[in-house]
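Morning, everyone. Please bring up the sequence and the model, and follow along with me.

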Amino acid sequence: MSLSPVLLAGFVLRPLPPVLLQPALDLAMSLMRRRHSDVFERLDTLENASFLIDPVDLPFCFALRLGPPAPRLSAVGTADDMESPSAALRGPLLVLIRLLEGRMDGDAAFFSRDLAVEGDMEAVLTLRNAVDSGGIDLAEDLLSLFGPLNGPARRALGVAEALFARAERDLETVRAAFVAPVEGRCDTQTARLRDLEDNLADLRTRMPRANVSGTRAAKHGAARL
Amino acid sequence: MSRTPLELVCPAGTPGALRAAVDAGADVVYLGFRDETNARNFPGLNFSRPELRDGLAYAHERGCRIYVAVNTFATAGNPGPWHRAVDDAAELGADALILADIGLLDYARRRHPETRRHLSVQASASNPTAIAYYHETFGVQRVVLPRVLTVTEIARLNAQIPVETEVFAFGGMCVMAEGRCALSAYATGRSPNMNGVCSPASHVRYEQGVGGMVSRLGRFTINEFPDGEPAGYPTLCKGRFVTGGCAGYLFEEPTSLDASAVLSELMAAGVRALKIEGRQRGRAYIAEVVAAFRRAVDAAARGDPVPPLGLGGMTEGLRKTTGAYTKTWR
Amino acid sequence: MTPAAKLTLGPVLYNWPAEVKRDFYFRIADEAAVDVVYLGEVVCSKRSSFFGPYVPEVAERLARAGKDVVHSTLALIMNEREMETVRALAAAPDLRVEANDISGAALLAGRPHVIGPFVNVYNEGTLEVLVRGGADRIVLPCELPVGSLEVLGRAAGGAELELQVFGRLPLALSARCYHARAHDVHKDGCRYVCEEDPDGMALETLDGDGFLAVNGTQTLSHTLCCLLRELEALRDLGIGCFRLWPQSVDMVAVAGIFRGVLDGRDDPAEAEARLGELVDIAPFSNGFYHGREGAVLVAGGTFSPAG
């Protein structure tokens with residue numbers, strides 16, 4: 001959830017002013033809150049906690065603030081741009097994504113030093129356990145945007161389409177930015193990248209269908225109006 | 001010759017982990033409620049009543065059982081949460097209760113005689129007389145053995161007791177006798193026995209120092225990991241301390257138990273079930289460890305050698321040990 | 001009102017040489033203002049044989065001096081030989097025994113006995129079961145906060161409750177011997193290296209802060225529990241017996257200080273100051289009683305870090 005925009009960010013990795021990411025981040029948060037309400041229920045106890053999420057191989061960080069009125073995610077230039085977060089999590093983008101999706105065990109990532117944590121550990125554990133409970137699957141979650149369309153998803157469609165359209169080009173940027181250096185060392189990461197590529201290919205092939213049904217749904221919606 | 005496989009008892013801290021364990025081949029999933037009534041009372045972890053109900057349905061549909069751990073010691077004057085945990089688990093149809101507190105065992109025996117009672121490792125029943133007491137007084141049908149016994153001692157014990165035994169096979173390891181350790185309470189005021197936490201996250205700080213990452217618990221420094229060195233939990237008994245002028249891991253290195261090497265021996269010793277530790281771990285851990293032990297347990301039942309499990313990446317400090325099962329550990 | 005408070009001397013937890021221990025108990029018999037003395041090896045069965053031969057003589061001398069003698073069992077019983085030592089104590093009908101493992105309580109069922117602090121009694125439900133089994137005195141775990149003590153005090157009925165008020169806090173037990181590990185010897189060939197540390201082996205953090213004390217397979221606190229200022233409140237809660245764990249200090253003088261406060265002769269704060277001069281091996285703590293981390297010393301609603 002908190003990290004899902006990391007993936008989105010991967011799609012738009014070319015140096016962008018963080019502020020331009022905000023629509024995508026807002027979209028990701030609303031999507032996660034809708035599809036994974038149980039995750040947010042487990043975060044209830046945290047109230048006003050805030051997290052700095054630092055993909056060490058990206059040129060910017062994320063700030064996750066849980067306080068009311070609703071959890072909000074934003075991009076910040078550097079760690080110093082976020083005022084006294086409750087805790088900070090640092091690791092390579094792929095590690096963060098795999099943690100988010102429950103494909104990697106957080107403790108194992110910590111033991112191997114792939115994940116570094118600082119600050120309020122209770123908040124970190126709560127976040128980790130909540131995220132891990134959720135069965136988050138980014139590809140599935142993003143695809144849900146193109147399912148039977150409801151209001152928020154329809155409004156978001158334009159943003160998402162733009163993101164997916166750039167995906168192929170940006171994937172190469174992702175590789176160049178952080179995968180290439182570790183490629184030789186870590187086959188599993190490259191395998192995971194291939195998974196990502198497959199997912200994206202899959203997305204691309206399904207996009208037109210989704211679009212068609214989206215258009216149809218939009219039309220039906222319009223007709224009802 | 002093929003024998004009945006050891007029952008594989010697997011942890012779950014969330015509904016996602018429960019499904020992962022069931023799907024990976026667990027015979028049993030054990031879990032706790034989201035409060036201080038169980039020994040993994042960690043933030044954001046464990047089950048609500050509706051989640052237990054759904055989990056029971058998911059498991060039972062797939063031929064898997066659920067044990068509910070209510071294995072801390074009830075607070076004097078406030079037994080309500082513990083009694084409710086026992087009542088709700090029994091009424092929702094849990095296949096067994098895992099209990100440690102004598103008062104609570106007595107309550108469960110009186111109120112829910114039909115629900116199986118297992119003795120938690122937290123009760124530290126390490127000899128036949130203690131086990132017979134729990135069996136005769138509270139009708140306990142299985143004992144989770146403390147992680148202090150060698151395989152030889154376990155075999156001798158099994159020959160003398162009228163109940164099943166379950167032993168730990170993998171995961172985090174107390175080096176102290178379970179249920180008899182107040183180290184965490186001494187440093188943080190939060191106790192495994194009373195609060196269900198050990199070295200709680202609320203009291204842990206990690207700081208990046210010049211030499212590496214420093215972990216602190218309360219106001220005590222527990223360890224310092226030079227950059228690049230594998231890390232462990234900030235639990236007291238896995239800390240680096242100074243005795244006699246030398247700094248080192250006096251109690252235990254950051255390491256995890258892995259009993260796969262002695263699986264056949266444990267089977268021959270009459271053990272009924274294997275327990276995997278890690279209700280606080282993620283779904284990825286559960287899926288991988290459970291699947292590996294499924295293969296191991298089935299191999300052992302066929303009389304085949306247990307294949308290497310390849311779980312090194314899941315272990316604390318990226319190291320493993322057969323712990324107390326081998327006498328030299330002591 | 002409340003019956004007269006008893007001062008008790010817990011079993012020596014450390015591996016003192018047998019003759020030292022014998023002489024220690026002779027002096028306790030002759031001079032110490034304690035009512036009850038617990039004897040026996042609680043921590044490591046390998047040590048039992050040393051002091052064993054002196055036990056009858058010591059017990060007799062203590063009894064002659066008017067002390068109630070209680071024989072304490074091992075706390076962690078892992079093999080037949082260890083079980084046998086408990087069985088032998090339980091089989092002697094005229095001995096009063098403290099069970100430090102539930103197996104001891106099982107063997108003593110139906111006759112009066114003491115439940116030691118290594119059996120987990122955290123609540124009234126457990127207390128009732130054990131009292132039903134014949135326990136007439138229960139030594140409570142050291143980590144209980146005052147709220148729990150209050151409830152247990154009300155629930156005890158006819159049974160006496162005992163709580164540690166002096167000495168290092170016994171925090172953990174293990175199958176593994178850390179003294180042997182620190183000296184790089186096997187537990188089976190340990191050469192009894194634990195004998196070198198009469199108050200346990202100091203264990204410090206990497207920053208050099210005193211933290212714990214190692215006693216073979218047992219781990220204790222660095223700080224010394226001191227509940228002199230809490231004695232009166234404890235008596236009001238229904239705690240009747242107050243345990244002093246032996247340390248290698250003048251325990252006769254320690255007992256005298258506690259006796260003075262229990263009898264209402266001495267001011268607790270002044271007594272604590274005197275105790276501090278007498279006992280300089282480590283700072284005092286009382287955090288557990290106050291529901292805090294055990295390592296701290298809480299004074300009049302505030303606290304200061306000890307250690």
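Predicted model: local features only at pLDDT ≥ 70, side-chain atom pairs only at ≥ 80, totals over all residues.

Residues are numbered from 1 along each chain as written, chains are lettered from A and ligands numbered from 1 in written order, and side-chain values use heavy atoms, without hydrogens and water.

Start with B:Asn38. Where is B:Asn38 placed? In the loop between strand 2 (28–31) and helix 2 (49–61) of chain B. Helices (H or I, at least four residues) and strands (E, at least two) are DSSP runs, numbered from the N terminus. B:Asn38 counts as buried because its relative accessibility is 0%. Buried means under 20% relative accessible area, with a 1.4 Å probe and protein chains only.

Now its partners. The side chains of B:Asn38 and B:Arg279 make a polar contact of 2.7 Å. A polar contact is a pair of N or O atoms within 3.5 Å; within protein, one must be able to donate a hydrogen and the other to accept it, and residues adjacent in sequence count only if both atoms are side-chain atoms. The B:Asn38 side chain also reaches the backbone nitrogen of B:Arg40 at 2.9 Å.

Next, the hairpin. Strand 9 (residues 204–208) and strand 10 (residues 212–217) of chain B pair antiparallel over five bridges. Pairing needs at least two DSSP bridges. Three residues sit between these strands. B:Val204 has B:Leu217 as its bridge partner.

Last, helix 6 (residues 124–132) of chain C. Its buried residues include C:Leu127 and C:Leu130. Just after helix 6, C:Gly134 takes a positive phi of about 115 degrees.

Terms used:
Buried < 20%, exposed > 50% of the residue type's maximum accessible area, 1.4 Å probe, protein only.
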